[in-house]
Amino acid sequence: MRKARIFSWIPLCWILLLFYGRRTLAQIRYSVPEEVKDGTVVGNLAKDLGLDVASLGERRFRIVSETNGDIFGVNADTGALFVHGRIDREQLCQGSGTCLMELKVLVENPLEVHYVVVEITDVNDHAPTFPRRNETIEIWEQTVTGNRFQLHPARDPDAGTNSIRTYTISANQHFDINVRESDISKTPFLVLKKSLDREEVKKHSLLITAVDGGKPRRSATLNLTIIVLDFNDNKPVFNQEVYEISVRENVEIGTVVIGLTATDADEGINREIEYSLRESLIQGVKNTFMLNKITGEITTTGPVDFEETDHYELDAEASDKGTPPLKGECRVVIKIIDVNDNSPEIDVTSLSNTVSENSKPGTVISLIRVKDKDSGVNGKIIAHITNNVPFELKPSYKENTYSVVTKDFLDREEVSNYDITIKATDCGEPPLSTTKTLSIQILDVNDNSPQFEQSPLYFYIVENNVAGTSLFSVTAADKDKNENADVSYSIARTGQEKDVALFLNVNAENGQITALKSFDFETLKSFQFQVVASDSGTPSLSSNVTVHVFILDQNDNAPVILYPVSSNASAEGVEEIPRNVIAGHLVTKVRAYDADIGYNGWLLFSLQGVTDHSLFGLDRYTGQIRTLRSFTETDEAQHKLVILVKDNGNVSLSATATVLVKVVEPSEAFAASDVKSSTKDAEDTNVTFYLMITLASVSALFIISIIVLIAMQCSKSSTDYTSKYLQDTNYDGTLCHSIQYRSGDKRYMLVGPRMSVGSTIVPGSQANTLVLPDRRRPSEEVRIKIKKPV
């Protein structure tokens, strides 16, 4: 019909050509495949027709075909013929012949008509299709080979080589495919090439494939099912002769382990099957598993434990209901999969609960073995020590065996016992672990010598101690234990004849120091000795300490009257004074000396007896006797004065002197003065001698004190200990002295006859120690401690 329309334009074109007086006729042929993209250029008409491209627009260059004008178009600018829409050969030209499309191209001024033929070539854009995807054929198993069974053919809209070229069948032993060809179609036939046996295969599933000749090739498949009709002649058969399955241990009771399947090729009642376990099974299997006779499912009836057995073997039977019944057998092997349900165990095969603190690193104290009832990864164990202790685990050549050894040096004085926590963890998921604690006691060795709390030691004792009594005690401690810490004390002897330590004794058990004699401050101010502390270990260790002892003064010396002294050494003297002296006249001066120091050597004077209290007065500090008024005619010519001299000790000691004062006339006094001058010179000589002895004694004590205090400062480096002795320069006839010294920021003074303003007496110091305010630190007061005998 389309061709008829095309040819109907020919007479009209001839008429138009004759009308314009010019006739142009040409025909060009192009070829284009179907399904090309819109806009694809088929050819250049202007070039092929010899038209001027520049005039195409003015000449209205166009396609005038009614039917195919919407498929193709021309470009008036370039003269190209291009695809204007979708080209589907199967819609345009049915059948397998050549598909041509004729186009009429019109150009005006002058009018020209050109005929263009476009061949639409086929592409393999369609796959074969079967009328139905599945087909079933029933065939008796007695059918003779060679019989054919026609199948529904496939269809392919493509033409030529792109149409269906062949049929294939899936690989099998019983069937083949045969094709009957004609000019129009190809019809497939199924051919039986081998006898069927329903007992072997009751249904054959084949795949028929129709393939075209395109590139690439396209195909379609048909699922062909062959049902083989049978008669009853078979026993039940399990689908497996031996079933092997794996089951995790500890599955819940009632869990389906496996479903057994047996088939019977027969039909009807002859194919109905019941399942059972053979009676020959061991009791453990019957208590653990059960077989359902209808469904063939094996379920658990008891606990499944890998540690008891790692597999089970069951013999199952399938019996049909024919007469007589036929049976089939199979074996079921159930392998148990281990799960991590057992924690590791730690066994201590050898243990030493004690280890010496001088043990070297690497000393073995224990052997342990770890084990796990699980297997595989679940039984793989990693052991380590969890806490921070100087011990470690060393693996042995034998698996899962370890040695607990020391990794550092031990010190019982720091840690006397250790609790070693060993943790064993398996590699299961989740991991399980076990811990075990070993208690180890560290044995002491004598590696510490006794130590004194302070070195050197300083003690103060009061003179006149009772011989044999305890003076003080020293204490040393030993960090070791038992006999290694049992400390005994001894005094180091120098062997010198004048060694003070010869007069000392120490209690070996408690360190009490006793003196074998009484000490006198006036002959010995201080001394030092060494105490040795030794332990009872083997070998014994020892240390010593230097003990500095300072002797404190006691009031054990009574004052000595230096003047007046009579020829018989009694403290009596006679003084003559003129009657005309005035008040304040110096009559005489009583002089005295005390060998003690401080308050014990500080002397005070007082009148114990006097004939007339209104005539004479006594200075309590200087011992000067002066007149209080002028003499009168009524006053007696002779007066007796008894002077009491006492020190300031806690228990005061004293002495008395007697002075006879004679009142004479002035002329007699002058005459007697010449006589007395010679006597006075002799007495003054004696007094000077005594004064020189006293001053020499005081100077010696002063020098000794300085030496002792300097030695104390040098031995005590940790303390700013400086000493300074100053002799009291205020001497008014009483031979006494005071000592001042400084220790760090503290200042001490053993006082003499004059007290510093603002000083205070230390309570309980027997009135011989003052605390002086430090001018550098006014808020601080310092004191000296005196150790009294025990």
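In what order do the strands of the open sheet of 4 strands stand, and which kind of pairing does this sheet have?

Author: The model is predicted, so local features need pLDDT of at least 70 and side-chain atom pairs count only at pLDDT 80 or more, while totals for chains, interfaces and linings use all residues. Residues are numbered from 1 along each chain as its sequence is written, and side-chain values use heavy atoms, with hydrogens and water left out.

The order of this open sheet is E8-E14-E13-E10, and its pairing is mixed. Strands here are DSSP runs (E, at least two residues), numbered from the N terminus, and two strands pair if DSSP finds at least two bridges between them. In general, strands of a sheet pair through backbone hydrogen bonds, either parallel or antiparallel.

The edges are taken by strand E8 (134-140) and strand E10 (164-169). Each has a single partner strand, so one side of each is left without a neighbour in the sheet. On average, neighbouring strands of this sheet are turned by 25 degrees against each other, direction ignored; the axes are lines fitted to C-alpha atoms, and angles run from 0 to 180 degrees between N-to-C directions.

For comparison, another open sheet is formed by 3 strands in the order E17-E21-E20, with antiparallel pairing. Its edge strands are E17 (256-259) and E20 (289-291), each pairing on one side only.
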